[in-house]
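Subject: Structure handover

Hello,

Please find the structure below. Notes on what was found in it follow.

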There are 2 protein chains.
Amino acid sequence: MQRKLGAQTLVFPNRPCIIAGATVVGPEEGEGPLADYYDLIIDDQLYGQKSWEASERSMMKTAVGLAVENAGLSKERIDFMLAGDLLNQLVSCNFAARDLEIPLLGLYGACSTFAQALGLAAAFVDADYATHAIAAVSSHYGTSERQFRFPTEYGGQRPPSAQHTVTGSGAALVAQVKADICITHFTIGKVLDLGIKDPYDMGSAMAPAAADTLQRHLLDSGRKVDDYDLILTGDLAAVGKKIMLELMQQASVQMATKYDDCGCLIYDRERQQVFAGGSGCACSAVVTLGPILNKMKKGELGRVLLIATGALLSPLTYQQGESIPGIAHAVALEHSSLEGGN
Amino acid sequence: MQRKLGAQTLVFPNRPCIIAGATVVGPEEGEGPLADYYDLIIDDQLYGQKSWEASERSMMKTAVGLAVENAGLSKERIDFMLAGDLLNQLVSCNFAARDLEIPLLGLYGACSTFAQALGLAAAFVDADYATHAIAAVSSHYGTSERQFRFPTEYGGQRPPSAQHTVTGSGAALVAQVKADICITHFTIGKVLDLGIKDPYDMGSAMAPAAADTLQRHLLDSGRKVDDYDLILTGDLAAVGKKIMLELMQQASVQMATKYDDCGCLIYDRERQQVFAGGSGCACSAVVTLGPILNKMKKGELGRVLLIATGALLSPLTYQQGESIPGIAHAVALEHSSLEGGN
């Protein structure tokens, strides 16, 4: 491969495949419009544990276990786990990997972590560093709110731009085995900062990074929006999605009917009290590995570009008066039957 | 490459090289025995900034800038930055990457992050995903103490097993260009937990992971301890180093005079009030990129195995009664003249 100066995209000539995916979600997600597509809907936020944190890591363990089981493998066959979550010191994936006994690379890109993990797992498999690599993320409404904003018990009011952190976990098993869905590109984003300082407006903080990563992906890959059946951002939700569309229009890139956002798809905003929509690492993971993978397998979607978006919000730097930068990483998924196309 | 089941080691046939390294340290590290080997010693912990956090990220920016400069390049030539730090939400590397405008993959492995970043940078260069990748980490005594234990202003007493977080940053530029030092192996560790619950005894929490990763590395690579001139753990310090030696003795692996620990080397424990020794992401980074690289370039050390060690301590899970798991990742460095040897 001859790298262009400034290229941000890894191309995978060996077309590593997602041989299995698994999704575990919380009760609110289970009442949403995508409920039919999840592997497991848990009854309550605690999932039989003593704390939300223990519940979150338990969901990740279950998701990884289900993905391995769905592939008909045992966990000893998994070479590496590339994983992350939103909690300080990545306690969800660290404790999950401890119990799973799979070698771990811990990743943090806020809510962009799913694309980061999936892209790195694909890179490991494509480069023959692994035969089986698992990408996993988790998030939880209760753990996130108390870490990033206020404990939910405090009952603070939320503005319409606020998003609702998805309770759930998604795991994708990437392998050197042919399967329906393969990963062809991984575009690694830059940290962008337009000076947003409101921790209840993550969509606005992330949209510029999503627009930048999409443009970079199109430039690097030589593709156009029309080469995709769907371009899917991670969790911009209603406020960020609107900004994303405006930014792409300013860049003269027509998104037309090809674009949607996982944060807008996961809940029914009319019926569920989720404000602008969903967010959290698990948002893009469970939407991608649930309904999107299902539609790709059935041939309803051929090529999908997932642009997972992360608001690099930190309570500490926020309290020190700093703004909230954003980052977005993109992973191109493709039905294996399309091999040889552009 | 035919992967063995359970192998945890990536082998790099293209022998990616460290074409430049840079180290920035704080005043206490600058008074330590390795002072002559650092690129920059800052005068005070604030480094001209308003907060320790701003100081820490500023050090990382300086270290990356110096590494790029030492290689005679401009930062536009750097494809990707693989970086991490100890602060919640990785605010040091996120803000540094924002200002540097280099695409970022954020990593968290506590104090093992330097080996994780260096190993991934080597993997990216070896697999032709990047021509130039920078691995960077930072830590800071002031930011770490207040996040993980107590603010230093509180004046809490520290037991002899406590370690002193290194203030500093190290950056290594890995490239597809021949240079004196190359990276041949990357062993990715498992999360191990022997039930340590004392946040002032990180060495005991990390030593089992270091011993496990070393044994795994030797098994995967077919190497013996004697194939290395130095085996260097990241920051076990005096307490953990002793446990590491005992664990290796139990495993019948003779470490003899080949073994040392960055946390023991960085300070003069007789003269400086650092208790068991140094810790923090920057500890293994500045020792490796300072004195070790210097000795390798001069031919005094041919092969070095760095095993960076991380205590996955979280104030939240600690307060919830959980233990402190550990992880260790290893990177094998080699003088380029040794090519073809075992």
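Buried means under 20% relative accessible area, exposed means over 50%, and partly exposed lies in between (1.4 Å probe, protein chains only). By that rule A:S92 is buried, with a relative accessible area of 1%.

Some conventions come first. This is a predicted model, in which local features need pLDDT of at least 70 and side-chain atom pairs count only at pLDDT 80 or more, while totals for chains, interfaces and linings use all residues. Residues are numbered from 1 along each chain as its sequence is written, chains are lettered from A and ligands numbered from 1 in the order in which they are written, and side-chain values use heavy atoms, with hydrogens and water left out.

Helix α3 of chain A

A:S92 sits in helix α3 (residues 91-100) of chain A. Helices (H or I, at least four residues) and strands (E, at least two) are DSSP runs, numbered from the N terminus. Leaving out residues up to four places away in sequence, A:S92 touches A:E56, A:R57, A:M60, A:D85, A:L87 and A:S138; contact here means heavy atoms within 4.5 Å.

The helix as a whole is largely enclosed by the rest of the structure, because eight of the ten residues of α3(A) are buried. These are A:V91, A:S92, A:C93, A:N94, A:F95, A:A96, A:A97 and A:L100. They pack against α2 (52-70), β4 (80-85), β5 (104-106) and β6 (132-139) of chain A, together with α10 of chain B. Just after α3(A), A:E101 takes a positive phi of about 60 degrees.

The interface

How many residues does each chain give to the contact? Chain A gives 64 residues and chain B gives 64 residues. The size of an interface is often given as the accessible area lost when the parts come together. Buried area is counted that way here, as the accessible area (1.4 Å probe) that two parts lose on being put together, summed over both. For chain B and chain A the figure is about 5,000 Å², with 62% of it on carbon and sulfur atoms.

Four salt bridges are found across the interface of chain B and chain A. A salt bridge is a side-chain nitrogen of Lys or Arg within 4 Å of a carboxyl oxygen of Asp or Glu. B:R57 and A:E322 meet in a salt bridge at 3.0 Å, N to O.

On the side of chain B that touches chain A, the elements that give two or more residues are β1 (9-11), α2 (52-70), α3 (91-100), β5 (104-106), α4 (113-126), α5 (141-148), α10 (315-319) and β14 (326-335) of chain B. By class, that side has 34 nonpolar, 16 polar and 14 charged residues. Ala, Val, Leu, Ile, Met, Phe, Trp, Tyr, Cys and Pro count as nonpolar, Asp, Glu, Lys and Arg as charged, and the others, Gly among them, as polar.

Symmetry

Chain B superposes on chain A by a rotation of 180 degrees with 0.0 Å of shift along its axis (RMSD 0.0 Å). That is the relation of a two-fold axis. The same surface serves both copies, as 100% of the contact residues of chain B recur in chain A. Copies are superposed by least squares on the C-alpha atoms of residues with pLDDT of at least 70 in both. Of the residues of chain B, B:L107 comes closest to the rotation axis, with its C-alpha at 2.3 Å.

Salt bridges within the chains

Over all chains, the whole structure has 38 salt bridges. One of them joins A:R303 and A:E334, with the closest N and O atoms 2.8 Å apart. This pair links distant parts of the chain, with A:R303 in strand β13 (residues 303-311) and A:E334 in strand β14 (residues 326-335) of chain A, 31 residues apart. A:R303 is buried at 7% relative accessibility, and A:E334 is buried at 2%. A:R15, A:R223, A:R303 and A:E334 are linked in a network of salt bridges.

In chain B, the side chains of B:D99 and B:K61 meet in a salt bridge at 2.9 Å, N to O. B:D99 is partly exposed at 35% relative accessible area, and B:K61 is partly exposed at 30%.

Regards
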